[in-house]
Amino acid sequence: MSVSHASVHPVEDPPTTDGANNPPRARMKEIQGMPGTPGGLGLRVCQFVFAVAALSIMATTSDFPSVTAFCYLVAAAGLQSLWSLSLAIIDVYALLVRRSLQNHRVVSLFTVGDGITSTLIFAAACASAGITVLIDNDLESCSQNHCTQFEIATGMAFVCWFNTVPSFLLNFWSLASR
């Protein structure tokens with residue numbers, strides 16, 4: 001066998017472009033907010049904190065099970081908190097071992113998960129806001145209910161959604177730019 005190895009006889013890698021018309025594609029830098037960056041970890045922690053706040057505030061009221069929208073908010077906030085906590089742990093690991101999370105499959109998983117959870121938490125927050133307005137303004141029965149807690153929990157769910165959207169958009173952009 002007279003096969004030469006590249007380490008013995010180096011061979012130049014031919015350029016992948018045909019000149020100045022098609023410059024080689026540059027890899028996108030890691031933008032803060034993407035998986036595996038300190039900004040991404042910050043977004044995940046904020047998502048987790050606000051989802052847990054919405055969940056705990058709503059769950060501490062005695063009459064939330066009587067309204068389906070409030071039950072939906074508790075379920076969506078619970079799912080969002082689990083998703084954000086698990087991705088925050090992955091981000092911490094990636095930062096500690098200095099590993100990039102820009103793998104196509106990982107970014108695809110993050111994008112789909114962020115899209116689903118952000119849609120769920122937004123829908124739950126909107127439904128809860130509608131019911132809260134109904135109870136407060138239309139029925140004027142806030143004296144019998146926990147309107148302040150309902151409003152605070154709904155607000156926390158919206159803030160959680162505001163923190164989830166940048167994660168989804170950055171992951172989607174990263175996925176689309178490949």
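Buried residues account for 35% of the 178 residues in the protein chain. Keep in mind while reading that this is a predicted model.

1. **The overall layout.** Start with the inventory: the protein chain has 4 helices and 0 strands. Going along the sequence, the pattern reads α-α-α-α. As for contacts in the protein chain between residues at least 6 apart in sequence, 77% of them join residues at least 24 apart.

2. **Helix 1 against helix 2.** These two pack at an angle of about 155 degrees, and their axes are 8 Å apart. Because of that angle, helix 1 is roughly antiparallel to helix 2; the cut-off for that label is anything over 145 degrees. The residues of this contact split into 19 nonpolar, 6 polar and 2 charged. As for handedness, helix 1 and helix 2 make a left-handed crossing.

3. **Helix 2 against helix 3.** Helix 2 covers residues 68-96 and helix 3 covers residues 104-138; their axes come within 9 Å and cross at roughly 150 degrees. Helix 2 and helix 3 are therefore roughly antiparallel to each other as well. What lines this contact is 20 nonpolar residues, along with 6 polar and 1 charged. The crossing of helix 2 and helix 3 is left-handed.

4. **Helix 1 against helix 4.** Here the axes come within 8 Å, with a crossing angle of roughly 155 degrees. That is why helix 1 and helix 4 count as roughly antiparallel. Sorting the residues of the contact between helix 1 and helix 4 gives 16 nonpolar, 6 polar and 1 charged. Helix 1 passes helix 4 in a left-handed crossing.

5. Arg 44 sits in helix 1. Is Arg 44 buried or exposed? Its relative accessibility is 3%, so Arg 44 counts as buried, the limit being under 20%. Setting aside neighbours within four places in sequence, Arg 44 touches Trp 83, Ser 84, Leu 87, Ala 88, Asp 91, Phe 110, Asp 114, Ser 167 and Asn 171.

6. Val 165 and Asp 114 are 51 residues apart in sequence, yet their C-alpha atoms are 7.9 Å apart in space. Val 165 is in helix 4. With 23% relative accessibility, Val 165 counts as partly exposed.

7. **Thr 61, in a loop but buried.** You'll find Thr 61 in the loop between helix 1 (38-59) and helix 2. Thr 61 has 5% relative accessibility, so it counts as buried. What does the side chain of Thr 61 reach at 2.8 Å? That would be the backbone oxygen of Met 58. Beyond neighbours within four places in sequence, Thr 61 is in contact with His 146, Gln 149 and Phe 150.

8. **Two loop residues with positive phi.** Some background for this point: most residues other than glycine have a negative phi. Arg 98 has a positive phi, near 55 degrees, and is not a glycine. Where is Arg 98 found? Look in the loop between helix 2 and helix 3. Arg 98 has a relative accessible area of 79%, so it is exposed. Glu 140, also not a glycine, has a positive phi of about 50 degrees. Its place is the loop between helix 3 and helix 4 (147-176). At a relative accessible area of 64%, Glu 140 is exposed too; the threshold for that word is over 50%.

How values were computed: Residues numbered from 1 in each chain as written. Predicted model: local features only at pLDDT ≥ 70, side-chain atom pairs only at ≥ 80, totals over all residues. Heavy atoms only, no water. Axes fitted to C-alpha atoms, helices over the stretch in contact; angles between N-to-C directions. Parallel < 35°, antiparallel > 145°, perpendicular 65-115°, else oblique. Left-handed = near helix turned anticlockwise from the far one by under 90°. Nonpolar A, V, L, I, M, F, W, Y, C, P; charged D, E, K, R; others polar. Buried < 20%, exposed > 50% of the residue type's maximum accessible area, 1.4 Å probe, protein only. Polar contact = N/O pair within 3.5 Å; in protein donor to acceptor, adjacent residues only side chain to side chain. Contact = heavy atoms within 4.5 Å.
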